[in-house]
Amino acid sequence: MFDLEKLSKKELRRGKWLTILALFIGVGAISPVQASATSALTAGLLISIFVAPKTVLRWILPLALIAATWSFSGVSWLLQVVLTVAVIGARQVLVGQAKIPAKLTTATKTKLKINGQGLNKRDLTVFKAVFNRTNDSVNHIESLLTETNGLRKIASETEVIRFARGVVKELADDPTQLTDADDFVYTHLPNMEKILMTYHDIISHEMIDESDKQQLAAARDVLRQLADQIQQDYRRITRDDITSLQDQLDTAKRTMRK
C-alpha cells in the first residue's frame with residue numbers, strides 16, 4: 001500500500017498529472033455514443049486540474065471511474081457492481097485511508113485540572129485565559145508537526161511536544177510558576193506555532209522552487225533550536241523539584257554517615 005503522507009510533493013504532483021493524462025485519454029477513447037461515461041470522465045478531468053494531488057489520487061480518480069462504469073449502457077448491473085468493487089479495492093491497495101492526525105488522540109485531549117489555590121478570582125481568570133491559549137497552541141503545534149516527514153522527524157528526535165506538555169502540566173499544578181515559564185508562553189511557543197503555520201502554507205503551494213526549499217530547510221533548523229529552548233523551559237520550571245530532591249539526598253547521606 002502506498003502511504004500518500006510519505007510521498008514528496010514532487011511525487012504527488014507527478015501522480016496528479018498522470019491521472020489527468022489518463023482521464024484525458026479515457027475521454028478520447030470512449031465512443032461519443034457513451035455520452036454519460038464521457039461526461040463522468042470529463043468532470044473528473046476538470047476537477048482534477050484545480051484540486052490538491054492527494055485529493056485527486058484518493059477520491060477524484062476512483063469516483064470518476066465508478067461514475068463512468070455505471071454510465072455504460074448495455075452492461076449488466078452485476079458486471080457494474082463487480083467493476084465498482086474492483087475500483088474500490090484498487091483504491092484501498094494503492095492509496096489506503098487518510099491517517100488520523102495525532103491531535104485527535106486521547107492523550108492529546110486529556111483535560112488538565114488547574115490548581116487555583118492561593119489565587120484570587122481575578123488572578124485565576126487571567127491565568128486560565130493564558131493557560132487555555134497556551135494549551136491550544138501546543139495542540140495546534142502537535143498537529144502541524146505531522147504534516148511532513150521532516151517535521152515528524154523533528155518532533156520525534158526533539159520530543160518537543162512531550163516537553164511542552166510537561167510545562168503545561170506544571171503550570172496547571174502550580175500557576176505561580178507562570179513567571180518562570182514566561183519565555184515558553186510568550187516567546188518560544190508562539191514563535192514555533194507561527195513558523196509552522198507559514199511552513200505549512202509554503203508546502204501547500206502547487207510549485208516549490210529551490211529558494212523555497214532553502215527557506216524550508218532554514219525553518220527546520222530554527223524549529224530544532226526552538227525545540228531545544230522549550231526543553232530548557234521545562235528544565236527551568238522543574239529545577240526547584242530537582243534541587244529539593246538533591247537537598248534531601250544530601251541530608252540523607254549525611255544522616256547515614258552518623
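I looked up how α9 and α10 run: they are roughly antiparallel to each other, a label for angles over 145 degrees, where under 35 is roughly parallel, 65 to 115 roughly perpendicular and the rest oblique. The model is predicted, local features need pLDDT of at least 70, side-chain atom pairs count only at pLDDT 80 or more, and totals for chains, interfaces and linings use all residues. Residues are numbered from 1 along each chain as its sequence is written, and side-chain values use heavy atoms, without hydrogens and water.

I noted an angle of about 155° between α9 (residues 182-203) and α10 (residues 210-237), with the axes 10 Å apart. Axes are lines fitted to C-alpha atoms, for helices over the stretch in contact, with angles from 0 to 180 degrees between N-to-C directions. Helices are DSSP runs (H or I, at least four residues), numbered from the N terminus.

I then listed the contact (heavy atoms within 4.5 Å). Among its residues are F184, L189 and I195 of α9 and L216, L223 and D233 of α10.

Next I checked α7 (residues 149-158): its axis and that of α10 come within 10 Å and cross at roughly 20°. The two helices α7 and α10 are therefore roughly parallel to each other. From α7, G150, L151, K153, I154, E157 and T158 meet R220, L223, R224 and A227 of α10.

Last, I looked at R162 and found it over the face of F163, 4.9 Å from the ring centre. A charge counts as over a ring if NZ of Lys or CZ of Arg is within 6 Å of the ring centre and within 35 degrees of the ring normal.
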